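Hi,

Here is the structure I promised to pass on. Have a look at it first, and then read on for what turned up when I went through it.

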Amino acid sequence: MNDAALFAAHAEICKVFSNAMRLQILGILRDREMSVQQVARALRRPLGTVSPHLLMMKQRRVLTSRREGSSVFYRLANPRLLKAFDLIHEILLDQLRRDVL
């Protein structure tokens with residue numbers, strides 16, 4: 001993969017971090033697999049709102065899924081992605097603390 005293709009792939013994964021609901025989904029799925037219905041309940045959002053986000057995250061290989069009967073279960077494709085998630089979260093907390101002081 002050349003540099004341009006790598007940067008393009010990087011930008012696509014970063015789009016996951018550009019939406020608050022997708023960030024919440026990452027947090028919810030950090031330690032477990034959940035069905036679409038379970039994710040929607042945890043977020044208190046309708047299935048029709050949550051499903052497109054899950055699909056987008058799967059298309060960018062952030063999540064993987066498996067089907068069991070009529071249910072689809074999602075989990076993180078690579079838990080190392082949480083390092084980036086947590087690092088950005090820590091940086092934002094630091095900035096908020098500085099702004100308050």
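Leaving aside its neighbours within four places in sequence, which residues is Arg60 in contact with? The ones to look for are Glu12, Ile13, Lys15 and Val16. Keep in mind that this is a predicted model. Arg60 itself sits in the loop that runs between helix 4 and strand 2, and its side chain makes a polar contact of 2.9 Å with the side chain of Glu12.

Now the overall picture. The protein chain has five helices and three strands, and from the N terminus on the elements go α-α-β-α-α-β-β-α. Its C-alpha trace spans about 50 × 40 × 20 Å along the principal axes. Of the 101 residues, 29% are buried. If you take the contacts with a separation of 6 or more, 53% of them come from residues 24 or more positions apart. The accessible surface is about 7100 Å², and carbon and sulfur atoms hold 56% of that.

The three strands form an open sheet in the order 1-3-2, with antiparallel pairing. Strand 1 and strand 2 are the edge strands, each pairing on one side only. Helix 4 packs on this sheet and touches strand 2 and strand 3, its direction making about 115 degrees with that of strand 2. Strand 2 and strand 3 are paired in the antiparallel sense over six bridges.

Most residues other than glycine have a negative phi.

- Arg44, in the loop between helix 3 and helix 4, has a positive phi near 60 degrees. This residue is exposed, with a relative accessible area of 78%.
- Arg61, in the loop between helix 4 and strand 2, also has a positive phi near 60 degrees. Arg61 is exposed as well, at a relative accessible area of 70%.

Finally, helix 2, which covers residues 20-28. Which of its residues are buried? They are Met21, Arg22, Ile25, Leu26 and Ile28. Looking down the axis of helix 2, these buried residues fall within an arc of 165 degrees, so they line one face of the helix. The reasoning behind that kind of pattern is simple: an α-helix has 3.6 residues a turn, so residues three or four places apart point the same way. What covers the buried residues of helix 2 includes strand 1 (34-35), strand 2 (63-68) and strand 3 (71-76), along with helix 3 (36-43), helix 4 (47-59) and helix 5 (81-100). At the N-terminal end, helix 2 is capped by Asn19, which has a side-chain oxygen 2.9 Å from the backbone nitrogen of Met21.

If you open the model in a viewer, I'd begin with the side chains of Arg60 and Glu12, joined by that polar contact of 2.9 Å, and then turn to the buried face of helix 2.

Cheers

Methods:
Residues numbered from 1 in each chain as written. Predicted model: local features only at pLDDT ≥ 70, side-chain atom pairs only at ≥ 80, totals over all residues. Heavy atoms only, no water. Buried < 20%, exposed > 50% of the residue type's maximum accessible area, 1.4 Å probe, protein only. Helix = DSSP H or I, 4+ residues; strand = E, 2+ residues; numbered from the N terminus. Arc of directions from axis to C-beta. Contact = heavy atoms within 4.5 Å. Polar contact = N/O pair within 3.5 Å; in protein donor to acceptor, adjacent residues only side chain to side chain. Pairing = 2+ DSSP bridges. Areas by Shrake-Rupley, 256 points an atom, 1.4 Å probe, with all protein chains shown as cover. Axes fitted to C-alpha atoms, helices over the stretch in contact; angles between N-to-C directions.
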